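Please look over the structure below, then follow the text through it one part at a time.

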Amino acid sequence: MQLIILAAGKSNRIFKDINKNKCLIEVNKKTLIEKIIQDSSKYFRKINIITGFKAHLIKKKLKNFPKIKMIHNRNYYKTEMLHSLITGLKKVNDDVVISYSDIIISKKIWKIFNKVKSKEITLPIKTNWREIWSIRSKEFLDDAESLKIDKKKYLKEIGNKIKIKSKVDGQFMGLIYIPKNMIQKIIKIYKDNRLEKMQTTQFLNFLLSKNILIKCKTTNIFWYEIDDLIDLTNLNKVKSKID
């Protein structure tokens with residue numbers, strides 16, 4: 001199994017405040033991307049980093065890490081993160097885990113993926129997500145997305161705007177397991193439908209419309225995402241919870 005970390009974007013919402021790639025934000029003396037690599041390394045045969053904006057800064061920071069392969073997304077400036085995901089999949093012929101690079105997550109999560117033997121796309125979802133939104137000091141109706149699962153924990157909906165009375169079953173954590181047998185099918189759907197401008201969660205919803213099953217694994221482990229300066233400022237409230 002391999003890992004693909006998506007780190008190509010400029011992160012416009014926060015770049016002007018930090019003047020560097022978001023994945024190079026330091027927490028407890030370690031960058032976000034370093035923590036992901038160090039926590040997950042023993043579970044993956046190879047770790048692929050999808051670079052784009054200021055790729056040289058990421059390469060410099062990770063130059064001493066083993067098992068790292070850099071894959072450059074030449075179109076990062078005119079495409080969404082989904083294009084980086086597809087760029088990575090084209091280079092892999094193995095079961096793979098996709099990871100955002102702006103998340104802070106308990107190292108326990110990688111054990112979950114190590115136990116996944118499914119031939120289905122699988123998402124870990126955080127069920128106590130409202131606690132994190134409270135810490136982030138954000139109104140979830142403004143920024144959170146829909147996520148619904150059925151009784152067998154298969155995904156029914158994701159990536160839509162939440163309404164006041166909507167039932168939300170969890171938070172997408174920026175992590176996706178894709179089995180080897182699904183890779184070419186996913187690439188073909190992306191290319192055939194010209195989805196360069198689609199967001200990742202919207203793409204997952206699009207896959208549902210194509211009758212592709214997506215299994216969910218619920219968890220309450222620690223997770224935090226840095227989207228903007230508000231998230232970075234409120235990070236001090238959770239630093240003690242980071243393992």
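A salt bridge is a side-chain nitrogen of Lys or Arg within 4 Å of a carboxyl oxygen of Asp or Glu. The model shown is predicted, so local features need pLDDT of at least 70 and side-chain atom pairs count only at pLDDT 80 or more, while totals for chains, interfaces and linings use all residues. Residues are numbered from 1 along each chain as its sequence is written, and side-chain values use heavy atoms, with hydrogens and water left out.

Helices (H or I, at least four residues) and strands (E, at least two) are DSSP runs, numbered from the N terminus. An α-helix has 3.6 residues a turn, so residues three or four places apart point the same way.

Lys 35 counts as buried because its relative accessibility is 11%, and Asp 39 counts as buried at 13%. Lys 35 also forms a salt bridge with Asp 243, at 3.7 Å from N to O. Asp 243 lies in the segment after H10 and Lys 35 in helix H2, so this pair ties together parts that are 208 residues apart in sequence. Asp 243 counts as partly exposed, at 37% relative accessibility.

Eight of the nine residues of H2 are buried, so the helix is largely enclosed by the rest of the structure. Among them are Leu 32, Ile 33, Glu 34 and Ile 36.

By the salt-bridge rule, the count comes to 12. Another of these bridges is formed by Asp 227 and Lys 22, whose closest N and O atoms are 3.9 Å apart. Asp 227 is in the loop between strand S14 (223-225) and helix H10 (229-234), and Lys 22 is in the loop between helix H1 (12-18) and strand S2 (26-27), so the pair ties together parts that are 205 residues apart in sequence. Asp 227 is buried at 11% relative accessibility, and Lys 22 is buried at 10%.

Next come the nonpolar residues. In soluble globular proteins, nonpolar side chains tend to be buried together. A nonpolar core is a set of buried Ala, Val, Leu, Ile, Met, Phe, Trp, Tyr and Cys residues joined through side-chain atoms within 4.5 Å. The largest core here has 80 residues, and those with the most contacts inside it are Ile 33, Leu 89, Trp 110 and Ile 178. Contact means heavy atoms within 4.5 Å. Leaving aside residues up to four places away in sequence, Ile 33 touches Ile 5, Ala 7, Cys 23, Leu 24, Ile 49, Ile 58 and Leu 62. Another core, of five residues, lies apart from the largest one, and Trp 129, Ala 144, Ile 162 and Val 168 are among its members.

Helix H9 (residues 200-209) is also largely enclosed by the rest of the structure, because seven of its 10 residues are buried. Phe 203, Leu 204 and Phe 206 are among the buried residues of H9. Just after H9, Asn 211 takes a positive phi of about 65 degrees.

Aromatic rings give another set of links. Rings of Phe, Tyr and Trp (its six-membered ring) pair if their centres lie within 6.5 Å; planes under 30 degrees apart count as stacked, over 60 as edge-to-face and the rest as tilted. The count by this rule comes to seven aromatic pairs. Phe 44 and Trp 110 form an edge-to-face pair, 5.9 Å from centre to centre with 80 degrees between the planes. This pair links distant parts of the chain, with Phe 44 in the loop between H2 and strand S4 (46-51) and Trp 110 in helix H5 (residues 109-115), 66 residues apart. Phe 44 is buried, with a relative accessible area of 2%, and Trp 110 is buried at 0%.

Note on methods
Buried means under 20% relative accessible area, exposed over 50%, partly exposed in between (1.4 Å probe, protein chains only).
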